Amino acid sequence: MYMIIYELLFNTGMLIIFIYCIFYMIYTAPDPIPNTMGSEVWPLMVLALLVLLITINIINILKKSKEIKDRFKLKLELVDILKNKLFIAMAILSIYCLILEFIGFIPSTLLLCLCSIKLIGQKRKWVILTGAVVITMLIYFIFSWSLMVPLPRGYGIFREFSLLLERVH
């Protein structure tokens, strides 16, 4: 029963975020060229589709909860929410977004991978560490070297570390 509540809260949160993104893109995107579908149109179409599908999912969740409501009493406790792995994963990702610019891509992504692998349930430390390093380096090489996308370097010693890696390239 708690999963239905968490699912409903998560979907509602995502719906609010996607609706905000649609309005933000509408007001900040450049004016499209008439009779063309430029690069500013496709993200709006994807977001509109996401809003539609999440709305349908919320309706289905509410239908399912009405069927179960008779057997269980709905009770939402803060402790249960904070222990939920989905909530923890969202908190980890939020922290990652906050520290990415300050400490750079490699250290922040390494921390994200370490926490995510541990959250999934892996207990062997060498698997957690090796997996995090391999995933971080793989993502770094794909974006930095293959796609030539500049990644955040961070500040201070983290910036020096990023510049050192770029010189190796």
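Reader: Buried means under 20% relative accessible area, exposed over 50% and partly exposed in between (1.4 Å probe, protein chains only). Which of these is Y140?

Author: Y140 is buried, at 5% relative accessibility. This is a predicted model, where local features need pLDDT of at least 70, side-chain atom pairs count only at pLDDT 80 or more, and totals for chains, interfaces and linings use all residues. Residues are numbered from 1 along each chain as its sequence is written, and side-chain values use heavy atoms, with hydrogens and water left out.

Reader: Thanks! Which ring does Y140 pair with edge-to-face?

Author: F141: the two centres are 5.7 Å apart and the planes are at 65°. Rings of Phe, Tyr and Trp (its six-membered ring) pair if their centres lie within 6.5 Å; planes under 30 degrees apart are stacked, over 60 edge-to-face, the rest tilted. F141 is partly exposed, with a relative accessible area of 33%.

Reader: Which residues join up in a ring cluster?

Author: F105, Y140 and F141, linked by ring pairs.

Reader: How many aromatic pairs are there in the structure?

Author: Four. One of them is F102 with Y155, a tilted pair because the planes meet at 50°, with 6.0 Å between the centres. That pair links distant parts of the chain, 53 residues apart: F102 is in helix α4 (residues 85-103) and Y155 in the loop between α6 and α7. Helices here are DSSP runs (H or I, at least four residues), numbered from the N terminus.

Reader: And is Y155 buried, exposed or partly exposed?

Author: Partly exposed, as its relative accessible area is 48%.

Reader: New topic: what volume does the largest pocket have?

Author: About 180 Å³, where volume is the space filled by probe spheres set on grid points joined across faces, edges and corners. A pocket is an open set of points on a 1 Å grid over the protein atoms alone where a 1.4 Å probe fits, with protein on both sides within 12 Å along at least five of seven lines; lining residues have an atom within 4 Å of a point.

Reader: What lines the largest pocket?

Author: There are 14 lining residues, with Y140, S144, V149, L151 and E166 nearest the centre. Helices α5 (105-120), α6 (125-146) and α7 (157-168) each give at least two of the lining residues, and α6 has the largest share, three.

Reader: Tell me about S144. Where is it found?

Author: S144 sits in helix α6 and is buried, at 15% relative accessibility. Beyond its neighbours within four places in sequence, S144 is in contact (heavy atoms within 4.5 Å) with V149 and L151.
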